[in-house]
Amino acid sequence: MTPKPCIIDCDPGTDDAIALWLALASPELDVRLVTVAGGNVGLARTSANARAVIGLTGRTLPIVAGAERSLLADFRAEPAVHGQDGLGGVRLPEGPPLAPGVAADAIRAELRAAAPASVTVIGLGPVTNLALAFATEPALADRVAEIVLMSGAWTEGNITPAAEFNAWNDPEALSVLLNLGRPLAMATLDLTAQAFVTPDLVARMAERAGGACWRAALDILRALPASKRFGHRGFPLHDPCAIAWAIDPGLFGARPARCEMDLAAGPSRGRTVIDRWDRLGRPANLTLLETLDAERFFALLAERIAGLP
Ligand code: BDR
Ligand code: CA
């Protein structure tokens, strides 16, 4: 098995942290670069969190900060879910310093040095950094094997009735990626709802022993607030779903679909209008992840992260 070279763009973020640990623990993926945007909390915090999360694994890889705001506006943070510190109050030792430079430049440099159709580009936050990289050097799209995003929804949103948080925070940037003409897989809210975490599940997972990363992941899972959308029974674990697709697509049911962004000002801005049943007869521009084998997903997550230092 040759590991897939990956770039991960993220905004840690509680579920981003768990997603990063899953990626770094998985031999299927060769994470070459992590870039950071503001999003769940401000950029200074998301960058510090990315450094701490990666630092805890003992791995050395470039972490580069980027967008402090979206292409057209300021990011809106989500402290009610992720806490003021972005990690639900779970304290980690300070990580290694950021690499110098700006995320979009680092993404372009990584892609320029790569073979055609070789890099898996994973977006776990507002995808401003990725859009800036491709908008400024579109020819680099041919280096992409697949873009994998946690973004959007085919039913209702979570930050507005219409829009999912990452899509809403930079809909123009998401539109750039949807129009890149490269394979793109999307884990929407409707998919991540199937990665549902309850207190019982966390208690069962906690029976497994592990290192500092596993203990911190469990602390984060205990800290995350139960969601009103799900009757306060638990919460969906979003971002690790995108990583799991890059590791093992066999965990998912998927179909090709067309996604158009609602970019208009107004109540449905940021909505991902997803044509699951080909009503518009337009070519598909993504692979829509529709179903998840949650049991196997959580088993993979636990086995892998528990194996980290
Ligand atoms: C997405 O929004 C963020 O709060 C999470 O990290 C995830 O990427 C879910 O809507
Ligand atoms: Ca995220």
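Mentor: Begin with the strands and helices. Helices and strands are DSSP runs, numbered from the N terminus. A strand needs at least two residues. Keep in mind that this is a predicted model.

Trainee: In which strand is L184 found?

Mentor: L184 is found in β6, a strand that covers residues 184-187.

Trainee: Which residues is L184 in contact with, leaving aside its neighbours within four places in sequence?

Mentor: The contacts of L184 are I147, L149, L177, L178, N285, L286 and T287. Now compare a pair. P27 is 157 residues from L184 in sequence, and their C-alpha atoms are 22 Å apart in space.

Trainee: Now a loop. Where is the place of A206?

Mentor: A206 is in the loop between α9 (199-205) and α10 (212-223). At 32% relative accessibility, A206 counts as partly exposed, because that value falls between the two cut-offs. Not counting residues up to four places away in sequence, A206 touches L218 and R222. From A206 to D11 is 195 residues along the chain, and 26 Å between the C-alpha atoms.

Trainee: What about S70? In which loop is its place?

Mentor: Look between β3 (63-65) and α3 (79-82); S70 is in that loop. Leave aside neighbours within four places in sequence, and S70 is in contact with F75, T128, N169 and D170.

Trainee: N169 is in that list. Where is N169 found?

Mentor: N169 is found in helix α6. N169 is buried as well, with a relative accessible area of 3%. Not counting residues up to four places away in sequence, N169 touches S70, D74, F75, R76 and P126. Look closely at R76. Its backbone nitrogen lies 2.8 Å from a polar atom of the N169 side chain.

Trainee: How many residues of helix α11 are buried?

Mentor: Nine of the nine residues of α11 (residues 239-247) are buried, so the rest of the structure largely encloses this helix. The buried residues are D239, P240, C241, A242, I243, A244, W245, A246 and I247.

Trainee: Now the ligand. Which residues come nearest to ligand 1?

Mentor: There are 13 residues around ligand 1, and D15, N40, H82, E164 and D239 come nearest. Next, check side-chain N or O atoms against the ligand's oxygen atoms. For E164, such an atom is 2.4 Å from an oxygen atom of ligand 1. For N166, the distance is 2.9 Å. For D16, it is 3.0 Å.

Trainee: How much of ligand 1 does the protein bury?

Mentor: Ligand 1 exposes 280 Å² when taken alone, and the protein buries 97% of that.

Trainee: Which pocket does ligand 1 take up?

Mentor: The space taken by ligand 1 is the largest pocket.

Trainee: Which elements give two or more residues to the shell around ligand 1?

Mentor: Those elements are α1 (14-24) and α6 (165-169).

Notes:
Residues are numbered from 1 along each chain as its sequence is written. Chains are lettered from A and ligands numbered from 1 in the order in which they are written. This is a predicted model: local features need pLDDT of at least 70, side-chain atom pairs count only at pLDDT 80 or more; totals for chains, interfaces and linings use all residues. Side-chain values use heavy atoms; hydrogens and water are left out. Helices (H or I, at least four residues) and strands (E, at least two) are DSSP runs, numbered from the N terminus. Contact means heavy atoms within 4.5 Å. A residue is near a molecule or strand if one of its heavy atoms lies within 4 Å of it. A polar contact is a pair of N or O atoms within 3.5 Å; within protein, one must be able to donate a hydrogen and the other to accept it, and residues adjacent in sequence count only if both atoms are side-chain atoms. Accessible areas come from the Shrake-Rupley method with a 1.4 Å probe; for residues, only the protein chains shown count as cover. On a 1 Å grid over the protein atoms alone, a cavity is a set of points where a 1.4 Å probe fits but cannot get out, and a pocket is an open set with protein on both sides within 12 Å along at least five of seven lines; lining residues have an atom within 4 Å of a point. A molecule sits in a cavity or pocket if more than half of its atoms lie within 2 Å of its grid points. Buried means under 20% relative accessible area, exposed over 50%, partly exposed in between (1.4 Å probe, protein chains only).
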